[in-house]
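Hi everyone, thanks for coming. Let me put the model up on the screen, and then we can walk through it together.

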Amino acid sequence: MDMKKVEAVIKPFKLDEVREALAEVGVTGLTVTEVKGFGRQKGHTELYRGAEYVVDFLPKVKIEVVITAEKVDLAIEAIVKAARTGKIGDGKIFVTAVEQVVRIRTGETGAEAV
């Protein structure tokens, strides 16, 4: 069975909405990592104790899900709808092929392991 990994880097305050939106389209398991990064946003300037300094990396959340290829479009649509604010820094979604999945507890592989 064709498996895909969908990675989404989003604004942290959108995590709950995205998780709920994914659950609504049948995506149950996911991994969440707190990350830092920047794209076109290029960070911003903050004032701290009277001194201005540049914050290069902004806090983001990375969500990873491994799903069957058939669910990819639904997952992307759910993430975009839930994560979009319309402002710069809303994030990115990456889709890659997954060669193998193994459930450690049972040894199940492929779609059964997801």
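Let's begin with Lys 62, which forms a salt bridge with Glu 7, the closest N and O atoms being 3.5 Å apart. By salt bridge I mean a side-chain nitrogen of Lys or Arg within 4 Å of a carboxyl oxygen of Asp or Glu. Lys 62 lies in strand 5 and Glu 7 in strand 1, so this pair ties together parts that are 55 residues apart in sequence. The structure holds six salt bridges.

A word on what you're seeing: this is a predicted model, where local features need pLDDT of at least 70 and side-chain atom pairs count only at pLDDT 80 or more, while totals for chains, interfaces and linings use all residues. Residues are numbered from 1 along each chain as its sequence is written, and side-chain values use heavy atoms, with hydrogens and water left out.

Now the sheet. Four strands form an open, antiparallel sheet in the order 2-5-1-6. Strands are DSSP runs of E, at least two residues, and helices are runs of H or I, at least four, numbered from the N terminus; two strands pair if DSSP finds at least two bridges between them. At the edges, pairing on one side only, are strand 2 (31-37) and strand 6 (91-98).

Strand 1, residues 3-10, pairs with strand 6 over eight bridges in the antiparallel sense. Here Met 3 stands opposite Val 98, and Lys 5 stands opposite Thr 96. Strand 1 also pairs with strand 5, again antiparallel and over eight bridges, with Lys 4 opposite Ile 67.

And what lies across strand 1, strand 2 and strand 5? That's helix 1, residues 15-24, running at about 10 degrees to strand 5 (58-68). Contact here means heavy atoms within 4.5 Å; axes are lines fitted to C-alpha atoms, for helices over the stretch in contact, and angles run from 0 to 180 degrees between N-to-C directions.

One last stop: the lining of the largest pocket divides into five nonpolar, five polar and five charged residues. Ala, Val, Leu, Ile, Met, Phe, Trp, Tyr, Cys and Pro count as nonpolar, Asp, Glu, Lys and Arg as charged, and the others, Gly among them, as polar. A pocket is an open set of points on a 1 Å grid over the protein atoms alone, where a 1.4 Å probe fits, with protein on both sides within 12 Å along at least five of seven lines; lining residues have an atom within 4 Å of a point.
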